[in-house]
Amino acid sequence: MDCIFCKILKNEIPSKRIYEDEKVIAIMDINPVVDGHVLIIPKEHVEDYQGLKPELLQHIYKVADKLTKELMTKLNSKGLTFVVNYGDSQLVKHFHLHLLPDYQLKEKEMDVDKVFEILTK
Ligand code: AMP
Ligand code: ZN
């Protein structure tokens, strides 16, 4: 299967991981819209939100809650936006939740390496 996120999960493509457990990983988005743009990706290949089991969604929500607190503290953000794309708006057909600190509040200021350093130190 030619899925970029499955390749990331198998370490065939590099990624900047900020979180991992038995069910999900969280990585820095390669083309961030804001500083701290993170994707939560389930390890199971599920094409979109419609294929997500409620238990997995609940787990993703818990991880999102934990990472939201971490991102907002470490980046001094005043707000955060969750985004799930679907249909033609979804470019990568492996479900992922976008976490967007200070979306609509602040311009992007840092490169991904710098944000990754802040989030993982
Ligand atoms: P979408 O499927 O429309 O929700 O968007 C896919 C997202 O995945 C975009 O924000 C891309 O920048 C991001 N993306 C694509 N390839 C990679 C990659 N190799 N590493 C990290 N993020 C990626
Ligand atoms: Zn996949």
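A cavity is a set of grid points inside the protein where a 1.4 Å probe fits but cannot get out, while a pocket is an open set of points. Keep these two words in mind as you explore this structure, which is a predicted model.

How many cavities of 30 Å³ or more does a search of the whole structure find? The search turns up 1. About 50 Å³ of space lies in the largest cavity. Residues that line the largest cavity include M28, D29, P32, K108 and V115. Sorted by class, this lining has 6 nonpolar, 2 polar and 3 charged residues.

**The open space and its ligand**

Now turn to ligand 1, which sits in the largest pocket. Two elements give two or more residues to the shell around ligand 1: α1 (4–9) and β2 (24–28). The largest share, 3 residues, comes from α1. In total, 16 residues surround ligand 1, and the closest are D29, L91, V92, H96 and H98. The shell divides into 9 nonpolar, 6 polar and 1 charged.

| Residue | Distance to an oxygen atom of ligand 1 |
|---|---|
| D29 | 2.6 Å |
| N85 | 2.9 Å |
| H96 | 2.6 Å |

How much of ligand 1 does the protein cover? On its own, ligand 1 has 510 Å² of accessible area, and the protein covers 85% of that.

Conventions:
Residues numbered from 1 in each chain as written. Chains lettered and ligands numbered in written order. Predicted model: local features only at pLDDT ≥ 70, side-chain atom pairs only at ≥ 80, totals over all residues. Heavy atoms only, no water. Near = heavy atom within 4 Å. Polar contact = N/O pair within 3.5 Å; in protein donor to acceptor, adjacent residues only side chain to side chain. Areas by Shrake-Rupley, 256 points an atom, 1.4 Å probe, with all protein chains shown as cover. 1 Å grid on protein atoms, 1.4 Å probe; cavity = no way out; pocket = protein on both sides within 12 Å on 5 of 7 lines; lining within 4 Å. Sits in = over half its atoms within 2 Å of the grid points. Helix = DSSP H or I, 4+ residues; strand = E, 2+ residues; numbered from the N terminus. Nonpolar A, V, L, I, M, F, W, Y, C, P; charged D, E, K, R; others polar. Points joined across faces, edges and corners; volume = space filled by probe spheres on them.
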